[in-house]
Amino acid sequence: MALRYHYNSETCRYEPLVVSPRLFIKRIIKFIGISFLLGAGGLAYYNSQYPFLDEVKGLEENVKLALEWKSIDSQLNKTSQLLADLENSDDHNFRVILEMDPLSSSQREAGVGGREKASAEIDYPVIRSAMDLSEKIKNRLTVEIQSMAELKKTLAAKQKEWASRPAIQPLNNKNLTHLYLVFGQRFLPQDGYSRPHNGLDFVAPFNTPIYAAGDGLVVYASGGTTYGNAVFVNHGHGFETRYAHMSKYIVAVGQKIKRGQVLGYVGNTGHSFGNHLHYEVLYQSQFVNPIYFFQRDLNSSEFEKLIKQGNSSTSLD
């Protein structure tokens, strides 16, 4: 170890510098203190400029999660809009067709508030918003599922009713040679008096097939002096149809029939003056004009023409 010297002015000589133990200790402590301060300062500066690796990874993960939550929130909003479209169709299309009242906003939004209070404890707005929206969607879906079940049940009942309604013409147009539209009171020149005429007369060749206007149950199938060979069908829901002057009928009382099923054939039996079908429709035991129940067999102009003709025609029974 090299010696250090200092100049002694009294002896005019360079003498070895001797460091006492006390001075040595002071210098060591001073060195350590300065080194610690420099090290601590350097570390603080580094940390301020360059965060820890774990912190960097944490920040990256937070950014990634934030983007994912935004994506989830966007998907939830799209789902909410699709559900809103379905709810709109439910209230303004399906329920209108089925003659049902639309659901109120309070019915569709019921039961969401409690969950919103719970989500209010979450500090992160994006997560809180997504949770609130998801809970609303869940609730609305529950209501919509119940609504769809109700629609399905009502539709089944309506389909049965629609199938029973006398909604088609009892004879095929291709076999129809004339349609007499007298409905109501009419004068019989051959008898010299007036009597009710509660149906329409379809003129067609002998033994032309006669079709059931709707699903129902045969409640009468017999011959008589007025109707001749006739079939009465109870369609339920207040509707009944009657088919008279048949050459013959091929159904029996108590038999279930379907719309379009052949009941018998055109003839000239009973109080009749030529081959034709006398067809009647009753609703709640009251006779109604059958013309209003086979509009689907005519286009608009044909139907309007029939209405205008009204009672201007004669009849065959």
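Colleague: Which residues are linked in a network of salt bridges?

Modeller: Asp90, Arg95 and Glu150 are. Before we go on: this is a predicted model, in which local features need pLDDT of at least 70, side-chain atom pairs count only at pLDDT 80 or more, and totals for chains, interfaces and linings use all residues. Residues are numbered from 1 along each chain as its sequence is written, and side-chain values use heavy atoms, with hydrogens and water left out.

Colleague: What makes Glu150 and Arg95 a salt bridge?

Modeller: The term asks for a side-chain nitrogen of Lys or Arg within 4 Å of a carboxyl oxygen of Asp or Glu. Here N and O are 3.2 Å apart, so the pair qualifies. Glu150 lies in helix α5 and Arg95 in helix α2, so the bridge ties together parts 55 residues apart in sequence. Helices (H or I, at least four residues) and strands (E, at least two) are DSSP runs, numbered from the N terminus.

Colleague: Why is Arg95 called buried, and Glu150 partly exposed?

Modeller: Buried means under 20% relative accessible area, exposed over 50%, and partly exposed in between (1.4 Å probe, protein chains only). Arg95 has 2%, so it counts as buried. Glu150 has 38%, so it counts as partly exposed.

Colleague: How many salt bridges does a search of the whole structure find?

Modeller: Eight. One of them joins Arg140 to Glu87, with the closest N and O atoms 3.1 Å apart. Arg140 lies in helix α5 (residues 125–164) and Glu87 in helix α2 (residues 53–97), so parts 53 residues apart in sequence are tied together. Both Arg140 and Glu87 are buried.

Colleague: Why does the pair Arg242 and Glu280 count as a salt bridge?

Modeller: The closest N and O atoms are 4.0 Å apart. Arg242 lies in strand β10 and Glu280 in strand β13, so the pair ties together parts 38 residues apart in sequence. Arg242 and Glu280 are buried.

Colleague: How do you know that β8 and β9 pair?

Modeller: Two strands pair if DSSP finds at least two bridges between them. Strand β8 (residues 216–222) and strand β9 (residues 229–236) have five, in the antiparallel sense, so they pass. Ala221 stands opposite Val231 in β9. In this hairpin, six residues lie between the strands, and Gly228 takes a positive phi near 65°.

Colleague: In what sense do β9 and β10 pair?

Modeller: Antiparallel, over six bridges, with β10 spanning residues 239–249. Asn229 has Met246 in β10 as its bridge partner. Two residues lie between the strands of this hairpin, where His237 takes a positive phi near 55°.

Colleague: What makes a nonpolar core?

Modeller: Buried Ala, Val, Leu, Ile, Met, Phe, Trp, Tyr and Cys residues, joined through side-chain atoms within 4.5 Å. The largest core has 27 residues, of which Phe202, Val231, Tyr243, Leu263 and Leu277 touch the most other members. β6 (199–203), β8, β9, β10, β12 and β13 each supply at least two residues. A second, separate core of five residues includes Leu83, Ala130, Leu133 and Ile137.
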